[in-house]
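Please read it with the sequence and structure at hand.

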Amino acid sequence: MNSGGMNSRIGYIAFNTFREAVRDRVLYNLIAFALLLSGAAILVGEISIDIERLVVVNLGLTAVSLFGVVIAIFIGIGLVSKEIDKRTLYTVLSRPVRRWEFVVGKFFGLTGTLVVNTFLMAIGVFLALLYVAHKFEKMDVWVLVALYFIVLQFLIVCALALFFSSFSTPLMSAVFSFALFVIGSLAEDLRGFARITHGVGGWVATAIAYLVPNFSALNVISQVAHGDPVPGRLILYNTVYALLYSAMAISGAVLIFQRRNLK
Amino acid sequence: MAAIEILDLEKCYLVGFWRKRRKLALRPLRLTIEEGEVFGFLGPNGAGKTTTLKLLMGLVFPTAGSARILGMDMDDPRVKSQIGFLPEQPYFYDHLSARELLNYFGQLSGVPAKGRSARVEQMLARVGLSDSAGMQLRKFSKGMLQRVGLAQAILHDPKLVFLDEPMSGLDPMGRREVRDLIQQLRHEGKTVFFSTHILSDAEALCDRVGIIHQGELRGVGAIAELTSERQGKIEIIFHAQKVPAGLTSLGAEARVSGDMVNAVLPEGQQDAALEVLRRDGLKLISLTPVRSSLEEYYIQKLRPTDVQREVRQEDDRKGVGV
C-alpha cells in the first residue's frame, strides 16, 4: 500500500469536516440570513431616502460577520473535542495520520465551510443591493474587500476556537473565543487607551492591546457602506496579519494536542 | 521476527484536583508476540487491556518503557500503515454511510485510488454489510457498527490487527462471524492481538493468552499447554440409575443425570473404580483424565500472590493507586 501524501491527508480530513458541517445542516443559517436581508431590503426600499445602499451594506455585512463568527466559534470549539469525546479520533489516529495533520485538516475544513457560507451570503448582499439601488456602481467593489476582511476574521476566530478547545472545555472555549472577538473588535480603542495610560497600567494595557487579535482593523464595513475606498496597503497588512495570527494560534493548538493523552 | 515487542511499557496518570496523586494504569509490561500468532489479552474490566492498546496505538503516551511493532519503533509513522485497529465499542462519523466511511479511511491509510472502491465493496461484503452500505451510520445498530469497525481495521490489508473487545455487544450469530473472521485472518498469516474478557472466545481462537489484572501482567501461556495440563483426576461416565456405594467410598464426586452417572475421582483410584463398576455389572461409557481449563488458569492468575500483595502495600504507602 502506498503511504499517501501529507497534503492529501490534510485535504481528505478537510473535505470530511466540510461534508460533516454541510450534512449537519450548518448551511441552514443561510435561510435565516436570506429572510433577514430580504425583509430589510424591502423595508429600506420603502422608507428611506438615498440611504438605501448605506443601510443594506451595513446591515448585510454585519450579518455576514456575526453569522459567520457564531458558526466559527460553535463548530470550532467542537472540531477536536467532539472527536475525542465520541472516540472517532481513535480510528483516524491509528492510521498514518499525524496529529498536526489532523488539526490543520480540521481547521481548513471549517474555514472552507465558512468561505462557501460567506460566498453564498455575499450573493445575497449583492442581490439586496441590486434590489434597492437598481444597478451596481463602481464603489461596490469595496464591498468585496470588506467581505474578504470578514473571511480573514473567520480564519482568526476558527484558529482561536481550536486553540482554546485544545486545553479547555467546549463551554469555556466558546466564552474565551467570543470574549476575544468582542475585545479584539475594540482593539483600536484599547491601543488608544494604552497610549494615554502611564506606569504599570500602561504596560499591561499595551500588552493586552497588541496581544488580542485586531478585529477592528479588519472591519471596514462602515467605510465601504459610505463608498470610501480601502487602501491596497491595508489589504496587504491585514492579509499578512490574519495569516500570521491564525498560524500562531494553530501552532499553539498543535503543540498542546501533540502531548495530549486521549483517555 | 517478533510482531510486537513490548519493553517495560508503563502508564501512570496524575489524578485529583491538584493532579498530585499518581494512579498506575499499567505496571511495567514486558511481552512478545510472534508473527502470525493470534494472541488473546485477557482480564476483567479495568484491568489495563485498553490502556495497553492505546499505548501501542500512540493514543496515550507511556510514562516509561517502549515497544517495537513489526521491527520498528512504535512511534515510527511507517508502522501505522501496516496495522489495523478496532477500538472498544467503536463510534464513527454518523453523517457518513458505511461506504463513505471506508472510502475515507482508505484514503487516510494510503490505499491507492485505483482499486479503492473495489476494496471497500469487498470489505463490506466480507462483514455482511453490502445491503446497508449506503445507509448513514447514525441508523446502524451496535452490532452493525462493530462490523464496520472490523471492516475498517482490515481495509488496508494490514500485517497486524489489534482488536479491543471485538465480540462485545454482539449477538451469538455476530460473535460467531467475528470468530470466523479472526480464523480467516490467521489463515492469511496475519498477527492478531485481541483483548477480551470472554474466555470461551479466547480458548477457541488463540494460540497464546496473556492475563492482566490491576495493570499487571499475571501470566502468559499457550492455550494448548494450559488446557492439556493434567490435574491428577479422572472423569468416569457410566450407565446407572444411582451412584454405587463403592465409588463414594473411593472419594468420588458424582452426579446422576438421567440414566448416566458422571464421577470425578483421584487418578490413583482408577483401577479400584473400574473394579467397582465391573463387580456391579455397570456399563462404562468413557474414562478421561481431567485437564485444566482456561477458566481455572484465569482465576488462579487473578488471585494476588504474596509478593504482589507486598508490592501493592508498598505502593499504597507511597500513595500510588491502581
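## Chain B as a whole

Among the contacts in chain B between residues at least 6 apart in sequence, 68% join residues at least 24 apart. These values, like those that follow, come from a predicted model. Chain B contains 11 helices and 15 strands, and its C-alpha trace spans about 75 × 55 × 40 Å along the principal axes.

Of the 322 residues in chain B, 50% are buried. The accessible surface of this chain comes to about 15,000 Å², and carbon and sulfur atoms account for 49% of that area.

## Nonpolar cores and a surface patch

The largest nonpolar core holds 157 residues, of which Phe102(A), Leu56(B) and Phe162(B) touch the most other members. The element that gives the most to this core is helix H7 of chain A (residues 141-165), with 17 residues. Apart from this core lies another, of 13 residues, including Ile236(B), Val261(B), Ala273(B) and Leu277(B). In soluble globular proteins, nonpolar side chains tend to be buried together.

Leaving out residues up to four places away in sequence, Phe102(A) touches Ile13(A), Val80(A), Glu83(A), Leu89(A), Val92(A), Leu93(A), Val97(A) and Phe257(A), as well as Tyr93(B).

## Salt bridges

Over all chains, the count comes to 21 salt bridges. One of them joins the side chains of Arg23(A) and Glu100(B), at 2.7 Å from N to O; because Arg23(A) lies in helix H1 of chain A (residues 6-23) and Glu100(B) in helix H2 of chain B (residues 98-108), the pair joins two chains. Arg23(A) is partly exposed at 29% relative accessibility, and Glu100(B) is partly exposed at 24%.

Within chain A, the side chains of Glu83(A) and Lys106(A) meet in a salt bridge with an N to O distance of 2.7 Å. This pair links distant parts of the chain, with Glu83(A) in helix H4 (residues 78-85) and Lys106(A) in helix H6, 23 residues apart. Glu83(A) counts as buried because its relative accessible area is 3%, under the 20% cut-off, and Lys106(A) is buried with a relative accessible area of 3%. Elsewhere in chain A, Arg9(A), Arg98(A) and Glu101(A) are linked in a network of salt bridges.

In chain B, Glu165(B) forms a salt bridge with Lys49(B), their closest N and O atoms being 3.6 Å apart. Here too the pair links distant parts of the chain, 116 residues apart: Glu165(B) is in the loop between strand E7 (160-164) and helix H5 (172-187), whereas Lys49(B) is in helix H1 (residues 49-57). Both Glu165(B) and Lys49(B) are buried.

The backbone oxygen of Glu165(B) also lies 3.3 Å from a polar atom of the Gln146(B) side chain, while the backbone oxygen of Pro166(B) lies 2.7 Å from a polar atom of that side chain. Gln146(B) is found in helix H4 of chain B (residues 142-154) and is buried, at 3% relative accessibility. Beyond its neighbours within four places in sequence, Gln146(B) is in contact with residues including Leu86(B), Pro90(B), Met167(B), Ser168(B) and Leu170(B).

Conventions: Residues numbered from 1 in each chain as written. Chains lettered and ligands numbered in written order. Predicted model: local features only at pLDDT ≥ 70, side-chain atom pairs only at ≥ 80, totals over all residues. Heavy atoms only, no water. Core = buried A, V, L, I, M, F, W, Y, C linked by side-chain atoms within 4.5 Å. Buried < 20%, exposed > 50% of the residue type's maximum accessible area, 1.4 Å probe, protein only. Helix = DSSP H or I, 4+ residues; strand = E, 2+ residues; numbered from the N terminus. Contact = heavy atoms within 4.5 Å. Polar contact = N/O pair within 3.5 Å; in protein donor to acceptor, adjacent residues only side chain to side chain. Areas by Shrake-Rupley, 256 points an atom, 1.4 Å probe, with all protein chains shown as cover. Salt bridge = Lys/Arg side-chain N within 4 Å of Asp/Glu carboxyl O.
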